[in-house]
Amino acid sequence: MARILDGKAVQQQILDELKPRIARLAAVRRPPGLAAILVGDNPASQLYVASKVKTCRELGMHSEELRLPDSVTTDELLAHIEHFNQRGDIDGILVQMPLPKHVDSRAVLLAVRPDKDVDGFHPFNVGQLVANAPAPRACTPAGVMELLKRSEIPIAGAEAVIVGRSDIVGKPMALMLLHAHATVTVCHSKTRDLPAVCRRADILVAAMGRPAFITAEFIRPGAVVVDVGINRISDRAEAERIARGAPAKLAAFEKNGSVLVGDVHPGDMAAVAGAYTPVPGGVGPLTIAMLMANTVECAERRLA
Ligand code: NDP
């Protein structure tokens, strides 16, 4: 029976460890503060931001949500970021992605002060990651590392294969696993014979945005599989393909008219992997936990 790596349980551990640090900051100076900027009315983005703000509040942190219309210009957005850059009570600024096409995302990313960049996307912080120096780290891969370490998955010397090379997941994931002494391979859409490369993995990380793409033939029996993908399926035939060996997925589809799946086929993953992260309840909760951890660390650096 494959072991399920429970992201919610690890999220709770991380949040519990943050609570006394937040209480200390609040008692001595002030609570850590996070500003979340949300542009437009993308329902998924609204949900993510609401959940981040709620977690902040539950932890006793200060949080603010700034909602801006789809029509906002790059200059207007930059002015709002600069306002939060200057605010003494704000330690972390997050700009929820994706932004509307007409907004210059690169300029936005560069505008956030690196010491308030709790998403870890600023080139300064990316450079710090490359150099393995302390700085806010991209939350999703940092959460995967916490999950692996706290689940006592051996990383040093392991063959790690990552499918996906995005700036927010694949690339930082590769660097973090490399710093933890894994032998790392990064795959993408031009990789030849992807199943064979994936089968080399002791630790396989899927971050592609392709629902249930990774099937049994990609997974070495007993491997640790980390499924970063979050895809909503509303097509019945697709839901039936994905529900093979994972009947709960079809039941969820029947109930809600759609179902969340990762990039790995859930039935195949449970049948072949030695340990795996479920979707939902695997990597997602850790992304939020690491955002909170980054915000507390930024506050501690500022207030120390
Ligand atoms: P991107 O779309 O930015 O990147 C996808 C990557 O997958 C690209 O590098 C692409 O290759 C590669 N890829 C796509 N199709 C294939 C294929 N057929 N074979 C091999 N490689 C392929 O996605 P993100 O990194 O932003 O997100 C990935 C997934 O993770 C999504 O489902 C997203 O929703 C989820 N996610 C989950 C988070 C969480 O908190 N759990 C947080 C962030 C993302 P190429 O570069 O060649 O195009």
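This is a predicted model: local features need pLDDT of at least 70, side-chain atom pairs count only at pLDDT 80 or more; totals for chains, interfaces and linings use all residues.
Okay, so let's look at the ligand: 22 residues sit around it, and R165, S166, H188, S189 and T287 come nearest. Residues are numbered from 1 along each chain as its sequence is written, and side-chain values use heavy atoms, leaving out hydrogens and water.

Which atoms pair up? An oxygen of the ligand is 2.5 Å from an N or O atom in the side chain of S189, and a ligand oxygen is 2.7 Å from one in the side chain of T287. Both are polar contacts, meaning a pair of N or O atoms within 3.5 Å. The protein covers 71% of the 930 Å² of accessible area the ligand has on its own, by the Shrake-Rupley method with a 1.4 Å probe.

Helix α12, residues 283-303, gives the largest share of that shell, three residues. Helices here are DSSP runs of H or I, at least four residues, strands are E runs of at least two, and both are numbered from the N terminus.

V279 and P280 are joined by a cis peptide bond, omega about -5°, and P280 is in the loop between β11 (275-276) and α12.

Then there's H181: not a glycine, yet its phi is positive, about 75°. Is H181 buried or exposed? Exposed, at 56% relative accessible area; the cut-offs are under 20% for buried, over 50% for exposed, and partly exposed in between, with a 1.4 Å probe and protein chains only.

Note on methods. A residue is near a molecule or strand if one of its heavy atoms lies within 4 Å of it. A polar contact is a pair of N or O atoms within 3.5 Å; within protein, one must be able to donate a hydrogen and the other to accept it, and residues adjacent in sequence count only if both atoms are side-chain atoms.
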